[in-house]
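Please look over the structure shown here with attention to helix packing, the nonpolar core and the salt bridges. The briefing below takes these topics in turn.

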Amino acid sequence: MCQEEGAGLVAEDPLRLPPSAPALPPSPGATTSPPPRETWARQMDFIMSCVGFAVGLGNVWRFPYLCYRNGGGVFLIPYLLMAVLGGVPIFFLEISLGQFMKAGSLSAWNIAPLFKGLGLASLLIVFYCNTYYVLVLSWALFYLGSAVAGAVASGGDLPWATCGHSWNSPACHDGPLGNSSHSNSSQSDAPFRSPVLEFWENRVLGLSGGLEEPGRLRGDLVLCLVVCWALVYFCVWKGIRSAGKVVYVTALLPYVVLLALLVRGAMLPGAATGVRFYLQPDWAQLARPQVWIDAGTQIFFSYAIGLGALTALGSYNRFHNDCYRDSLLLAVINSGTSFFAGFVVFCVLGFMAHEQGTDVGPVADSGPGLAFIAYPRAVALMPVAPLWAALFFIMLLMLGLDSQFVGVEGFVTGILDVVPPAYQFRFQREVMVLLCCLVCFCIDLSMVTEGGMYVFQLFDYYSASGTTLLWQAFWESVIIAWVYGADRFLDDVSCMIGYRPSRWMKWCWMVLTPLVCLGIFLFHAASYRPLTYGGRHTYVYPWWAEAVGWGLTLSSVLCLPSAALAQLLLQPGPLPQRWRRLTQPVFGLHHLEYKVRGASGGPSPVEDGNTKAVILESIM
């Protein structure tokens, strides 16, 4: 609880010991004090890291397409509303929780120990993301190398621009394919196939007939995978002091490239038509439930909610950092980047439609279809095509790389936070990062075979799906608002930042955000469709693959209820007593600063590693 004193807020906290208080006994079982927790060298390092993690590929390859498909500029209404109701409150909650608890995603939920399964779930989800997300970087690196090598070998031509290569089939046709050429599935049935599609399926993926045909490893992709994991390792191995420097390049360079691509795209014929398709309002779309569901899902994806990495990043903040201001700023940057990227994408798609003599609609696509089929086809039509292709894939690499290494940092932080001090050693971070990279690399080998695309899509569809992220966000808001207490948490935040955040956050955590998450979650469950892959043929995943996919989903979803049930069953005493004991916050060894200010108004950290519970016992 905070009270006014003079012109500022001071902490009225039981941790302020009276002069006559006895010496504090050591924490039970604590024989070694933990090393001081790292903090960001400067606050801008934290901002750049959050921008790098949250602003990723989804902002570039998913939001513009959703905006076009769901009514153009009208889509901004449900998008911004979902941001205010769900995205921003949970984004702020995760960062402030990490800053307050001084812990990563697993230990941070000591704020309500009964629900520590939520932290375990976030570790699993971010591990799955780390495993398959790096494949996108490998593909982008492969395209970048192919663009450079092709330009040098053939005097300026891109290898996916024409037919006649060893990977092309007799059906390859490098002229305009009309309206049937915009998607993978439609080209499967067309009499001709574009060279860019054949480069993607035959040269890059070597796509087999399904999961039952894994085929051989793709040597080029394995090499790209090794390079990507090596980059991730050396960005993360020394902790936030090294990652905080690298992220200035990986987070800022994509904006430079996006601006260059926008300037070039705006000069192309048909660009204005593309922008008009992107923004032209269709007010009737607001009556469709799918528009609101797409808006909510995109917010939770693009804000990187539920993965635990934001909590880990926040845990390295100084205790009195203004995390409320930072959260609002980062939310504006995230959504603004999505909107800005739409102009870049649709200027180029408008040009491609102009060159092919068709509307923008047939050439519009999202996800890997935009990044590795539609956009490469468009840059192949531009003058000085290798330059623009190289810039585009460098941008994809930078967007994905910082998301990847911050995700690894979030996972490693969560693990290291639970290592007892007696078992810590000098190079534990380097070893843990190496183990994480090696385990993920071994799993990734299944995704760089000829059947690897089917494995990748299985992970993408189930392991970190909208269902799991919505489940996480729902319980995060419910636990903070109804178990720990929304007012209590806002008091804690106000003691950190020196003022009380808007009460809007309280009402969102208590009512609005859980309702939004629950509504979208139920819609996802009701509209579930079995997974298929639309490439050279429509492949329907077998039942056992569906079972594996649901196993990935349930492995994180069931962490919370199973861990809570196990704790309740193992605790002695009546059920109400168990509940009270297991929902009592435990402030552990890393919680070195807690709402304490000295006489001068500056922070006065607690200088020992005792828990708050022990301190309270010594006072009483």
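Helix α15 (residues 368-380) and helix α16 (residues 385-416) pack at an angle of about 150 degrees with their axes 9 Å apart, where axes are lines fitted to C-alpha atoms, for helices over the stretch in contact, and angles run from 0 to 180 degrees between N-to-C directions. This is a predicted model, in which local features need pLDDT of at least 70 and side-chain atom pairs count only at pLDDT 80 or more, while totals for chains, interfaces and linings use all residues. Residues are numbered from 1 along each chain as its sequence is written, and side-chain values use heavy atoms, with hydrogens and water left out.

**Helix packing**

- The helices named here are DSSP runs (H or I, at least four residues), numbered from the N terminus.
- Because angles over 145 degrees count as roughly antiparallel, α15 and α16 are roughly antiparallel to each other.
- The crossing of α15 past α16 is right-handed, a term used if the near helix is turned clockwise from the far one by less than a right angle.
- On the α15 side, Ala371, Phe372, Tyr375, Pro376, Val379 and Ala380 meet Ala385, Trp388, Ala389, Phe392, Phe393 and Leu396 of α16.

**Nonpolar core and buried positions**

- The largest nonpolar core has 192 residues, and those with the most contacts inside it are Ile111, Trp139, Trp200 and Phe372; such a core is a set of buried Ala, Val, Leu, Ile, Met, Phe, Trp, Tyr and Cys residues joined through side-chain atoms within 4.5 Å.
- Helix α5 (residues 117-154) gives the most to this core, contributing 19 residues.
- Leaving aside neighbours within four places in sequence, Ile111 is in contact (heavy atoms within 4.5 Å) with Leu97, Phe100, Met101, Ile480, Tyr484, Phe489, Thr583 and Pro585.
- Asn110, in the loop between α4 (76-101) and α5, is buried with a relative accessible area of 15%, where buried means under 20%, exposed over 50% and partly exposed in between (1.4 Å probe, protein chains only).
- Apart from neighbours within four places in sequence, Asn110 is in contact with Met101, Lys116, Gln584, Pro585 and Val586.
- Leu225 belongs to helix α8 and counts as buried at 0% relative accessibility; Leu225 and Leu137 are 88 residues apart in sequence and 7.9 Å apart in space, C-alpha to C-alpha.
- With neighbours within four places in sequence left aside, the contacts of Leu225 are Val134, Leu135, Ser138, Phe441, Asp444 and Val448.

**Salt bridges**

- The structure holds 10 salt bridges, each being a side-chain nitrogen of Lys or Arg within 4 Å of a carboxyl oxygen of Asp or Glu.
- Glu450 forms a salt bridge with Arg216, the closest N and O atoms being 3.5 Å apart; the pair links distant parts of the chain, 234 residues apart, with Glu450 in the loop between α17 (428-444) and α18 (452-462) and Arg216 in the loop between α7 (195-205) and α8 (219-236).
- Arg216 counts as exposed, at 51% relative accessibility.
- Lys238 forms a salt bridge with Glu430, the closest N and O atoms being 3.1 Å apart, and this pair links Lys238, in the loop between α8 and α9 (240-266), to Glu430 in helix α17, 192 residues apart.
- Lys238 counts as partly exposed at 40% relative accessibility, whereas Glu430 counts as buried at 13%.
- Asp487, Asp491, Arg500 and Lys506 are linked in a network of salt bridges; within it, Arg500 and Asp487 have their closest N and O atoms 3.2 Å apart.

Terms used. Helices (H or I, at least four residues) and strands (E, at least two) are DSSP runs, numbered from the N terminus. Angles under 35 degrees count as roughly parallel, over 145 as roughly antiparallel, 65 to 115 as roughly perpendicular and the rest as oblique.
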